[in-house]
Amino acid sequence: MKNFSFYTPTMIKFGKRSISKLSRIIDGKYNRILLHYGGGSIKKNGVYQDVIEQLHMTGAKVFELGGVAPNPRLSLVREGIELAKKENIDLVLAVGGGSAIDSAKAIALGALTDIDIWDFYMGKAKVERALPVGVVLTLPATGSETSMGSVITNEEEQLKHSVDDDLLRPAFAIMDPEYSMTLPDTQTFAGIMDILSHIFERYFTNTPDVNLTDELSEGTMRNVIKNAYILKKDPKNYNARAEIMLSGTLSHNGLLGLGRDDDWASHRIAHQLSALYGTTHGVSLAIIFPAWMKYVYRANPERFSRFATKVFGVSDAGKSNEMLALEGINRFEEFLTKIGLPRTFSEGNIPTDNLELMSEKAVLMGPIGAFKVLEKEDVLKIYNLAL
């Protein structure tokens, strides 16, 4: 196990009607709030009204910026930064899922600097301070409600990059599983794939002697898979929604990656689909991860055989590590099919005429991955495995 530091300052209020805690968190601490959200679904399902009622109880001045799209856009971030500076905002409150939260983090970062915000996402600038961010979570998926990360799409350059810093961890997160009840299946199960992907990026490691976080990761994966099947049959099941929501947080707050090398190559590869075609992040990951697994498993077949036996319950009697690895990958692909996610470019109706360009962009800042280091040629082979 490697040395590590772990900082997780986000206060979580979890459960039914946890929104009632928002006014107490805000009152007397934040006075000028930027309310940041997406395309308007929160106004249809009642979440917006719940939030506004709580904010009005505090007497805080509220400014609004809606319109966050999936794969949040740099152009809206710039608009939010300008508004935050003009109105002396002291809290950016994101209401929604990962897109709204990531966009809010970018605004919070840009509001306190004259450095161009995209420089942070290109690794040209270092995070030194940011406004506090609050979250009312409606879509369990990215774990951004407690994570240090923010991912933004530069639509002009067709690039999707991230910035990671503990200063971007939200100050608080309101998490009511009932707010996820109205999600369509496509968002629910793409979100579930996103949750699993955050565990995969940490679980598939070459770092030895990390059994505790292995066990925590395997338990969380089994829990996500079990409750995904429950939600497939019963979308209104509160307990399953709660399990998924909490799993999403634990998958990406850093706990499961303690003491080990992460990978993150699959995210970089999948980001290119979103950047060029606007593909839902979880869908992109469902397409890329099986191909990545098939390409890299020989780098450490023991790790993949453990995945097969511990997560999917594959019997190891008389089977080699390679046989187990391939069966585990096959079980994962079967799971994706059962929950209705595409496993290939063709199943996702995604164009395949820009594979070279996407491969170049995936390694724009250098080779990617740690489980197996990948160059442009490797990325192209993974795309071809996903066709």
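## Exercises on aromatic pairs, sheet order and helix packing

The count of aromatic pairs comes to 20, where rings of Phe, Tyr and Trp (its six-membered ring) pair if their centres lie within 6.5 Å. The model is predicted: local features need pLDDT of at least 70, side-chain atom pairs count only at pLDDT 80 or more, and totals for chains, interfaces and linings use all residues. Residues are numbered from 1 along each chain as its sequence is written, and side-chain values use heavy atoms, with hydrogens and water left out.

**Exercise 1.** Classify the aromatic pair of tryptophan 292 and phenylalanine 371, and locate both residues.

Step 1. The two ring centres are 5.9 Å apart and the planes make 55°.

Step 2. Planes under 30 degrees apart count as stacked, over 60 as edge-to-face and the rest as tilted; this pair is tilted.

Step 3. Tryptophan 292 belongs to helix α11, and phenylalanine 371 to the loop between α14 (355-362) and α15 (376-385). Helices (H or I, at least four residues) and strands (E, at least two) are DSSP runs, numbered from the N terminus.

**Exercise 2.** Determine the strand order of the open sheet, its edges and the helices that pack on it.

Step 1. Six strands follow the order β1-β8-β5-β4-β2-β3, with parallel pairing; two strands pair if DSSP finds at least two bridges between them.

Step 2. β1 (11-14) and β3 (61-65) each have a single partner strand, so one side of each is left without a neighbour in the sheet.

Step 3. From one strand to the next, the twist averages 20°.

Step 4. Five bridges join β2 (residues 32-37) to β4 (residues 91-96), and isoleucine 33 has leucine 91 as its bridge partner in β4.

Step 5. Helix α3 (residues 47-58) touches β2, β3, β4 and β5 (133-137), and its direction makes about 175° with that of β2. Helix α9 (residues 238-252) touches β1, β5 and β8 (172-175), at about 170° to the direction of β1. Contact means heavy atoms within 4.5 Å. Axes are lines fitted to C-alpha atoms, for helices over the stretch in contact, and angles run from 0 to 180 degrees between N-to-C directions.

**Exercise 3.** Describe how α10 packs against α11 and against α14.

Step 1. The axes of α10 (residues 265-277) and α11 (residues 281-296) come within 8 Å and cross at roughly 130°. α10 is therefore oblique to α11; angles under 35 degrees count as roughly parallel, over 145 as roughly antiparallel, 65 to 115 as roughly perpendicular and the rest as oblique.

Step 2. This crossing of α10 and α11 is right-handed; a crossing is left-handed if the near helix is turned anticlockwise from the far one by less than a right angle, and right-handed if clockwise.

Step 3. Contact residues include Ile269 and Leu273 of α10, and Phe289 and Trp292 of α11. By class there are nine nonpolar, six polar and no charged residues. Ala, Val, Leu, Ile, Met, Phe, Trp, Tyr, Cys and Pro count as nonpolar, Asp, Glu, Lys and Arg as charged, and the others, Gly among them, as polar.

Step 4. Against α14, α10 packs at about 125°, with the axes 9 Å apart, and the crossing is right-handed. Among the contact residues are Ile269 and Leu273 of α10, with Leu357 and Met358 of α14. This contact has seven nonpolar, one polar and two charged residues.
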